[in-house]
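Welcome! Please take a moment with the sequence and the model shown here, and then we can walk through them together.

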Amino acid sequence: MSGWRARLALVALGLVMASVPTLGQGAAPGRAVASMGEPLQATHPTLRARLDRIAAGSALWREAVEAAGKLGRRVIVLTPDQVHPSAVEGRAKAGIDSGLLAEAMPIAHDGVRINAVVVVVNLPLIADVHARMGSLPGEHDADLDRILIHEVYGHALPYLLSGTLAGRCADPAEGERASQACAIQRENAVRGELGLGRRVDAGLQGLSLARATSRW
Ligand SMILES: [Zn+2]
């Protein structure tokens, strides 16, 4: 992991930790402290809705999130605007604002231990591509689910369940079949539970939005 990603993740964590106590339905006094320990944190309503939908349909997802929670570890899901722009170098900001669809960034303590992973999802870019395509809302939402499943279940949760960088679940290496890669095998298991199709490539072809990007 490069330095800018580490700094970005730490800043993002600070932002979210500050905002979490205001979260939650009917949060009573005293509940705020408990909510700091929720294993899957997101304040953006669109992300929250998709995460809830995935949890409702996937037993694998629920089991892994619950296991991470029991270990006191968490995934923090953010949009690019929730990451403080002044704290990141131009390259990082540009990548998240434009080109990258999403990224999972483990936060390492002592260079090894992982108690939290930040996932940044480029909601504006995903919405823009689907708007250009004239997609139905369901197509946009299904792509968001696929992206969240890949980043959270494919990458973030394996780090948390291991508790160290050794838990890394990788994307396909050069020359490796996508279906052999750890992150895509995990992604496909949850996709299967939700009827979201099977990913067979390392790129964007498993997403509806690939139809548009091939024309750009
Ligand atoms: Zn990946």
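Let us begin with the sheet: 4 strands form an open sheet of mixed pairing, in the order β1-β2-β4-β3. Strands here are DSSP runs (E, at least two residues) and helices are DSSP runs too (H or I, at least four residues), numbered from the N terminus. Two strands count as paired if DSSP finds at least two bridges between them. At the edges stand β1 (40–42) and β3, each with a single partner strand, so one side of each is left without a neighbour in the sheet. On average, and ignoring direction, neighbouring strands of this sheet are turned by 20° against each other. Angles here are taken between N-to-C directions and run from 0 to 180 degrees, with axes being lines fitted to C-alpha atoms, for helices over the stretch in contact.

A word on what you are looking at. This is a predicted model, in which local features need pLDDT of at least 70 and side-chain atom pairs count only at pLDDT 80 or more, while totals for chains, interfaces and linings use all residues. Residues are numbered from 1 along each chain as its sequence is written.

Now follow the sheet strand by strand. In general, strands of a sheet pair through backbone hydrogen bonds, either parallel or antiparallel. β1 and β2 pair in the parallel sense over 3 bridges, and here Ala-42 stands opposite Val-77 in β2. Strand β2 (residues 74–78) also runs parallel to β4, joined to it by 5 bridges. Arg-74 has Ala-116 as its bridge partner in β4, and Leu-78 has Val-120. On the other pairing, 8 bridges join strand β3 (residues 102–109) to β4 in the antiparallel sense. There, Pro-106 stands opposite Val-117 and Ala-102 stands opposite Val-121.

Against this sheet packs helix α7 (residues 137–162), which touches β2, β3 and β4 and whose direction makes about 170° with that of β4.

How well covered are the strands? A residue is called buried if 20 or more other C-beta atoms lie within 10 Å of its own, exposed if 12 or fewer do, and partly exposed in between, with C-beta atoms placed from the backbone. In β2, 5 of its 5 residues are buried, with Arg-74, Ile-76 and Leu-78 on one side and Val-75 and Val-77 on the other. Strand β4 (residues 113–121) is mostly covered too, with 7 of its 9 residues buried. Across the whole protein, buried residues make up 35% of the 216 residues.

This leads us to the nonpolar core, meaning a set of buried Ala, Val, Leu, Ile, Met, Phe, Trp, Tyr and Cys residues joined through C-beta atoms within 7 Å. The largest one has 37 residues, and those with the most contacts inside it are Val-75, Val-77, Val-117, Val-119, Val-121 and Ala-156. The elements giving two or more residues to this core are β1, α3, α4 (59–70), β2, β3, β4 and α7. Its largest share, 10 residues, comes from α7. Have a look at Val-119: leaving aside neighbours within four places in sequence, Val-119 is in contact (C-beta atoms, placed from the backbone, within 7 Å) with Val-75, Val-77, Ala-102, Ala-104, Glu-151, Val-152 and Ala-156.

Arg-50 counts as buried because it has 23 C-beta neighbours inside 10 Å. Beyond its neighbours within four places in sequence, Arg-50 is in contact with Asp-141, Leu-144, Asp-145 and Leu-148.

Helix α7 has another partner as well. Helix α6 (residues 123–133) packs with α7 at an angle of about 145°, their axes 10 Å apart. In this packing, Ile-126, Ala-127 and His-130 of α6 meet Glu-139, His-140, Asp-143 and Leu-144 of α7.

Our last stop is the loop between β3 and β4, where Asp-110 is found. Most residues other than glycine have a negative phi, and most peptide bonds are trans. Asp-110 is not a glycine, yet it has a positive phi of about 55°. Is Asp-110 buried or exposed? Asp-110 is exposed, with 6 other C-beta atoms within 10 Å.

Notes: Contact = placed C-beta atoms within 7 Å.
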